[in-house]
Structure formats: C-alpha cells, structure tokens
Amino acid sequence: MNLTFREAMLTFKRAPLLSALSVTTIAFSLFVLGLFGLVVVNLQDALRSVEERVEVVAYLLPGAPVEAVAQALKDIEAFPEVQSATYVSEDDALARARAELVELRDVMQELERNPLPASIEVKLKPGFRDTDHVSAVAERLRGFGFVDDVRFGRDWVEKLDRLRGLAAAVGIVVGAAFAVVAIIIIGTTIRMAVLQRSREIAIMRLVGATDGFIRRPFLLQGAIKGLLGGGVAIGLSFGAYVLINRYLLQSAFFTQEQAAAIVAFGALIGLLGSSLSVGRHLKRV
Amino acid sequence: MIKFTNVFKAFPKGGLALKDVSFHVAKGEFAFLTGHSGAGKSTVMKLIYADERPTSGEVRVSGYNVNEMRPRDVPMLRRRLGIVFQDFRLLEDRTAEENVAFALEVTGARVSTIAARVMRVLTQVGLAAKAQAYPRELSGGEQQRVAIARALVNEPTVLLADEPTGNLDERATRGVFQLLRDINASGTAVVMATHDLDLVRQAPYRVIELQEGALVYDSAVDEASPRDQAAAP
Ligand SMILES: Nc1ncnc2c1ncn2[C@@H]1O[C@H](COP(=O)(O)OP(=O)(O)OP(=O)(O)O)[C@@H](O)[C@H]1O
Ligand SMILES: [Mg+2]
C-alpha cells in the first residue's frame, strides 16, 4: 500500500503541471456543481418553510361532545404522520378572526351569534407533507362522527409536490452532467499519464509486475486528484457563499456532511475516471 | 528448463519469423543464440518470456506452457527469469539502487530484506559505489551492469540476454560477458542472443544458430557449423 502511495506521489512530482491542471479542472467542475448545490440547498430551505404551513383542518359539528373531542385529539396525535393536533374552539376562532381580519372588526362586533365552527388543526411531520399523506390523514379525520368537513390546500400541496420533484430532477441531471465532465477530464489526464509512462510500464511488465500492481498507483492518483479537486471546490463555494451573503441575500451553506459528501464525490469520480481510462490504455502499451 | 518443440511464429504483417524451431536448454547451461539481423533471435526471446505466443508448436519454460498460459501467470513466469536488453531499459528517474529495488518491490518482497539484497547484487556486478547514480550519470557498460543486477535480484533460474553487448565498446563488452559467465558459473542458465562471433568463439559454450527463422545449427546436435562456411567471404 505505501508502495502504491509512493508510486502515485511520484507522478505528481514527475508531472506537476499536468497534475495541477487536472486538479484545477476537477475543482472547477465540482465548483459549478457546488454552486448549483447551494441553490438547491437554499431552495429546499425555502420549500421547507412553506411546507411547515401544510395543515389539515377538521371543522367540527356544533355541539360536539367535549370528552369525545379530547379523546379524538389524543388519537389523532398518535397517527404516524401527525406532528401535532390542536383544538380551536368557536370562541378561539372568533378571536383569531377578529385579530386577523381587522377591516371586518365592526361587522364581527355586531354579530349576535358566533358563526364560526370549532376545529381541529393537524400539522404533519416533515416527509409526510405531500398529497398522498395529506389526503390519507384527511380521509381518516372524516371518519370521526362529529367532524363536519375537512379542508386542506389541495392545490398548493400538489404544486409543492411538483416543485420538489422538479428540484430533484434538475439536481440529478446537472449533477450527472458535471460528474461526466469531471470523469472525462480525469480519464484524459490518466490517459496522458499512462502514455507518458508507457516505457516505464513496459519495463514494469518485464520484471514481473502484475496489471493490478501497475494499475493501483494510477487509481490512487486519480482518487487523490478528485479529493483535492473536491476540497478546492468546497473552498471556492464557500468564498462564493460569503460574497453572496454579503452583497446579495441571506443564504445557507452546506452542512458538514454535505461538504464531506462533495469531497467524497470528487474522490469517487477521480477513481472512476482513472479506472475507466487506465485499463483500456494499459492494454495498448 | 526451456523447451521449444516444432515452433512456428507468424506475425500478422511480417510473414514467418520462426519456422519449425526445436531445441532444449538445460538447467545451468550457457547457450548462444546467433544469426543475422532478422533471423528471429529476439522472437525466440519474446516467446521465452511470454511476450509472444507461438503460432504452432510448443514452448515450455520453467514449468509453464507458454502456449496456453493464463495472462495472470505471465508475471509469475517473468519473476523466475532475468531479462537484459541491448538498450538497458532502466527507469531514467530512479537511481541504480532504486532500479534494482523496483524489480523486487514488484514481486511483493518483504521491504526489510530489499536493501540488503539490492546491495548484494550491485556488489556482484561491481557497481556498489555507484548505487546512488542515475542512469544518465553512468556509462553504457555500467548501465548494463545495473540492468544485469536488476535481472539477478530475483534469483532467476534463467538469465535472458538479447544482445547485451550490442551498444558497448570492446572493453565493456568483455566485462559484461565475463559477468554473464560468472553468473552462469554460479548455476544460473544463460541464453544470450548475439551476432558478435568473436565473443562466441572465445567461449566453449553451446551455440544455436538461426537463419531466416529456421534453426540451422545447434552445437549440441550438429558437428560443423554452416556459419564457419558462410563466414568466408
Ligand atoms: N511485432 C512484429 N510484427 C511483425 N513482424 C515482426 C515483429 N517482430 C519481429 N518481426 C519480424 O520477425 C523477423 C525476426 O525478427 P527478430 O527481431 O526476431 O530478429 P533478430 O534476429 O532479433 O534481429 P536483430 O539481430 O536485428 O535484433 C523479422 O523479419 C521481423 O521483421
Ligand atoms: Mg533482435
């Protein structure tokens, strides 16, 4: 292993310019990927705050028995999808309407009878805030005898679904495109390295080196280049993030896990690019 | 040890390089492989170290059948051979010592034993003092000694030398040849391709002569050499 490492390092020493070039290219393609990732991360943050407002409201029939409602609240909170269930009485509803609908305050003041029904407001756990789960919960709420009607913003829950799907799809396509570019670049630099060292490889073969032995330093070298490229890309992304925050808008950066994943992804495409390239070119020298 | 039986070798574009060649080199033997340029000497060598496979006939080397060897056995065969070429084939950016050590590292030899084994063979070829020199800092003769040390370090049963003195002046040639004789004297079989007939006449060794791909003389079998007749202009 340390022999493999020594041979891989030797390549950096022998062709420093070529190595720096490939690290830089990988860094920049991962950087673009990283910028796009930042957009996705921030978009997801925004989506999440919208999602938090997804709720299902069950309006109760007038005169629903208090004990039954209290029991129902417990049952509903025990649903696997449910984060919280809150009882809103007729009076609470009126007070809230008064506070929120200032322009109608006078009308409300003159009401003899409270026209607003009591309700149970149900918030869902993250991951369940999509059409299927929301409808399922709504359906179950309808099953309670004292529930008159169940409402949720079906339209925009569906829109949210589509937005989420779109963000994921674009992320995968752009990510794949840049991964392919990086793999091709690594493959090309490995190809140059193999050709540059073809005489050396022939000599290794003559003294009895196995193909695996010859290949390993190239793979390691590719992985190291990818790793370095990934690290530089994170650095560049962080620089961009700082600038954006200072001059444009408040935004979020990658979590440590996400940053580590990007660096690991760099190493992975480095490994992939070199393994795709080295086998093919070793056969030719 | 090395056994050719009715070996033919045809190259895709190049016609027949070997025609019906049969010979056997025993353990510890020294054999010259002679013949004009293009006679097929290097082809014989390549078949021995499994760089090429025979078109027909059988090549056996040190227990391996080159005809039907699996690719992954080829490195194993080569570790039992030492190979030396006219153009030395040293790694330019490694010192003499590192060049020799490399042949050991490739085999997965224990790291703790490498340095000592390398110094021993460098001493054997008379280059211990130049262990830290790079190939460009060495004369042709010295470079060939490094190459021989590299070939020896795995303690091969056969040393293959394809015109090892082809690039050397007379003095260096004598030195390298003497080294090969010493190596042979200590029990390693040597197959040496050469067209230096003076060298061949100097020593009482077996001579195998090729002409346009055919084996025309083998001193272990025949009485007189056609070379002796052809040598007169
Ligand atoms: N890879 C190859 N492809 C096609 N023809 C080849 C190949 N290698 C050798 N030959 C042909 O095979 C014949 C024998 O070549 P070989 O190299 O064995 O000769 P040689 O005896 O070593 O000659 P020299 O003394 O010049 O080194 C030649 O005619 C050569 O052109
Ligand atoms: Mg030749």
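This is a predicted model: local features need pLDDT of at least 70, side-chain atom pairs count only at pLDDT 80 or more; totals for chains, interfaces and linings use all residues.
**Entry 1**

I began with the strands of chain A. Four of them make an open sheet, and I read the order as β2-β3-β1-β4, with antiparallel pairing. Which strands stand at the edges? They are β2 (82-88) and β4 (147-151) of chain A; each has a single partner strand, so one side of each has no neighbour in the sheet. Going from one strand to the next, I get an average twist of 20 degrees.

Next I picked out one pair. Strand β1 (residues 55-60) of chain A pairs with β4(A) in the antiparallel sense, over four bridges.

Helix α3 (residues 66-77) of chain A touches β1, β2 and β3 (119-124) of chain A. The direction of α3 makes about 165 degrees with that of β2(A). Helix α6 (residues 131-142) of chain A touches β1, β3 and β4 of chain A, and its direction makes about 170 degrees with that of β4(A).

**Entry 2: two helices crossing in chain A**

A reminder to myself: a pair of packed helices is described by the angle between their axes and the distance between the axes. For helix α7 (residues 154-196) and helix α9 (residues 211-247) of chain A, the axes come within 11 Å and cross at roughly 140 degrees. Why do I call them oblique? An angle has to be over 145 degrees to count as roughly antiparallel, so α7(A) and α9(A) are oblique to each other. Their crossing is right-handed.

Who meets whom? From α7(A) I listed A:I186, A:T189, A:I190, A:A193 and A:V194, and from α9(A) A:F218, A:Q221, A:G222, A:K225 and A:G226. Sorted by class, this contact has five nonpolar, four polar and one charged residues.

**Entry 3: A:T4**

I then clicked on A:T4, which sits in helix α1 (residues 2-14) of chain A. Is A:T4 buried or exposed? Its relative accessibility is 9%, so A:T4 counts as buried; the cut-off is under 20%. Setting aside neighbours within four places in sequence, A:T4 is in contact with A:R216, A:P217 and A:L220.

**Entry 4: helix α1 of chain B**

Over to chain B, where B:M45 lies in helix α1 (residues 41-48). B:M45 is buried, at a relative accessible area of 2%. Not counting residues up to four places away in sequence, B:M45 touches B:L33, B:L160, B:A161, B:D162, B:V191, B:M192 and B:A193. I also checked B:R70: it is 25 residues from B:M45 along the chain, and their C-alpha atoms are separated by 19 Å.

What about the rest of this helix? Six of the eight residues of α1(B) are buried, so the helix is largely enclosed by the rest of the structure. The buried ones are B:K41, B:T43, B:V44, B:M45, B:L47 and B:I48. After α1(B) comes B:A50, and its phi is positive, near 60 degrees.

**Entry 5: two helices crossing in chain B**

My last pair was helix α3 (residues 96-105) and helix α5 (residues 140-152) of chain B, whose axes come within 8 Å and cross at roughly 25 degrees. That makes α3(B) and α5(B) roughly parallel to each other, and their crossing is right-handed. In α3(B), B:A96, B:N99, B:V100 and B:A103 meet B:V146, B:A149 and B:R150 in α5(B). I sorted this contact too: five nonpolar, one polar and one charged.

Notes. Residues are numbered from 1 along each chain as its sequence is written. Chains are lettered from A and ligands numbered from 1 in the order in which they are written. Side-chain values use heavy atoms; hydrogens and water are left out. Axes are lines fitted to C-alpha atoms, for helices over the stretch in contact, and angles run from 0 to 180 degrees between N-to-C directions. Angles under 35 degrees count as roughly parallel, over 145 as roughly antiparallel, 65 to 115 as roughly perpendicular and the rest as oblique. A crossing is left-handed if the near helix is turned anticlockwise from the far one by less than a right angle, and right-handed if clockwise. Contact means heavy atoms within 4.5 Å. Ala, Val, Leu, Ile, Met, Phe, Trp, Tyr, Cys and Pro count as nonpolar, Asp, Glu, Lys and Arg as charged, and the others, Gly among them, as polar. Two strands pair if DSSP finds at least two bridges between them. Buried means under 20% relative accessible area, exposed over 50%, partly exposed in between (1.4 Å probe, protein chains only).
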